[in-house]
Amino acid sequence: MSGTSVRTVAVVGGGPAGAFCALELARLLPDTAIELYDREDRGPGAGIVLTDEFAERIRAVHPEVLRLPESAYASWDETVTMIDGERIPSGAFGMSGISRQVFHAHVRALAAQHVNVRLIRRNVARLPEQADLVVLADGAGSELRRERADRFGTSVSPGRTRYLWMSTPSVLEPCFLLKDLGPGPLVVHAYPHAADESTFIVEADPDSLSALGLLDLTAAEAEPRLAALFRSELGGAPLTARTAGWQPFRTVVNRRWSDGRTVLAGDAAHTVHFSTGSGTVLAIEDALCLARCIAGHDDPLQAAAEYESIRRPVAEQTQAEAAESTAWFEQVCRGERLQGHQTVFALRSRRAVNTFSRLRERDPEFVARTVARLAGHPTDAEPVDVPLTVGRVRLAHRLVELERRDGRCVLRGADGTRAVGLVVDRAPDRPLPGIDFLAVRARPEGGRVTRSAPAARIRSEAALPIVLLVDEELPRDEANTLIAAARTDLVAVP
């Protein structure tokens, strides 16, 4: 656009949102003065994750941003999950781990090369008054946003689990480690992000950490304890904490992304759980969109409104998916029964897009192994067609009809046999004579993990088969997904 009234933009925060916003603004508005504030106390980071698809989209606009030393990269097409000593590989297609420190410094330097960008190393205690527009891209804990929380409508919701973000001077294979030490599992998210370093995030339920004597340790005290617990997986390498100590992941939501000429971007506007690997992508996409909206409007308020109208739906959808991912890890960390390939299938299918049919198309060998474990032998059958015996009823299929009355239900076999079930909302604390299965209602709202959470919890605690009761007919693909993921054993047709 020519003749923009935005002559000066102050960008607070030198992470991906701030640096990319300054870089794109410099490209689109060479006559606009841009001040990029990067805090003085920026410490060493660990790694970030990008898909090859996203990397290509970025290169199409800024080809130089990913021209990094090979030593700052690692790439993979497979992830390994370790459960009770079993090593289970599955696909993770076209992924790269990148050194956070190297990447951020590189993008900041590229932005600062533009004559209209001034990089200022200073902590910002109050909004720059001289700017026509201020972009707050200073992270989830933004103090400037916190001071205006009522204006932005900010809410911060802590998750149940606690995590410690660490790195190790060792090249690990991309993996999830589910290590049950008695009180409950420690879950590790690990991936290489450089030629000589990997990210190592430990997540667990606080009760489990407390029972293991880990919860009240400082980060420095936890490092050697965790390195010892994971000595075999780390090959004896040490761990260095990148966060201050055990903390819950905090989901940040803002009802409004702008207040006058102040606009939020990246984690300052929204956060998504680290298990999704989406935070950096969202931040960069925010930055590029905001810069283009600023360049496309004479009025900065209109630019901010258009930016929010474009990006808010994307952020809300991603946060909804992240909530499902968070819920799945919280359930596992509370001690949900681990079942090898089916647990890994549940891990892979916690995102709505990863249904049974999609995973079978993309990763046929892994899915075939999962169904074989469900059936007890190799088979070409889909999960809903794997036979199951309930009481004296031999079922050829797992989509069933039930006769329901007074909290009980009956399942009839083709040969006239019958099985009796009880509708429950928690696992029974004693044996139930004459009861062959438990029926559990799906929750009415949420995604796959949330809706099936009661059934999955009770299935983990009870010895009887579980039937999921749904209010409307499930697509066959969704039923296959839930059964393969061990969220339920059968699905009742309404």
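The structure is a predicted model, in which local features need pLDDT of at least 70 and side-chain atom pairs count only at pLDDT 80 or more, while totals for chains, interfaces and linings use all residues. Residues are numbered from 1 along each chain as its sequence is written, and side-chain values use heavy atoms, with hydrogens and water left out.

**Helix pairs**

Two packed helices are described by the angle between their axes and the distance between the axes. Axes here are lines fitted to C-alpha atoms, for helices over the stretch in contact, with angles from 0 to 180 degrees between N-to-C directions. Helices (H or I, at least four residues) are DSSP runs numbered from the N terminus.

| Helix pair | Axis distance | Angle |
|---|---|---|
| α9 (residues 279–295) and α10 (residues 300–333) | 8 Å | about 160° |
| α11 (residues 341–348) and α13 (residues 364–375) | within 9 Å | roughly 130° |

Helices α9 and α10 are therefore roughly antiparallel to each other, a class that covers angles over 145 degrees. Their crossing is right-handed, meaning that the near helix is turned clockwise from the far one by less than a right angle. Contact (heavy atoms within 4.5 Å) joins Leu 282, Glu 285, Asp 286, Cys 289, Leu 290, Cys 293 and Ile 294 of α9 to residues of α10 including Tyr 307, Ile 310 and Arg 311. By class, this contact holds 9 nonpolar, 1 polar and 4 charged residues. Here Ala, Val, Leu, Ile, Met, Phe, Trp, Tyr, Cys and Pro count as nonpolar, Asp, Glu, Lys and Arg as charged, and the others, Gly among them, as polar.

The crossing of α11 and α13 is left-handed. Its contact is made by His 341, Gln 342, Val 344, Phe 345 and Arg 348 of α11, together with residues of α13, among them Phe 366, Val 367 and Leu 374.

**Helix α1**

At 1.5 Å a residue, the 13 residues of α1 (residues 16–28) should span 18 Å, which agrees with the 18 Å between its end C-alpha atoms. Of these 13 residues, 11 are buried, that is, under 20% relative accessible area with a 1.4 Å probe and protein chains only. Among the buried residues are Phe 20, Leu 23 and Glu 24.

**Leu 338**

Leu 338 lies in the loop between α10 and α11. Its relative accessibility is 19%, so Leu 338 counts as buried. Beyond its neighbours within four places in sequence, Leu 338 is in contact with Ile 83, Leu 178, Val 332 and Thr 343.

Technical notes:
Helix = DSSP H or I, 4+ residues; strand = E, 2+ residues; numbered from the N terminus. Expected span 1.5 Å × (residues − 1). Buried < 20%, exposed > 50% of the residue type's maximum accessible area, 1.4 Å probe, protein only. Parallel < 35°, antiparallel > 145°, perpendicular 65-115°, else oblique.
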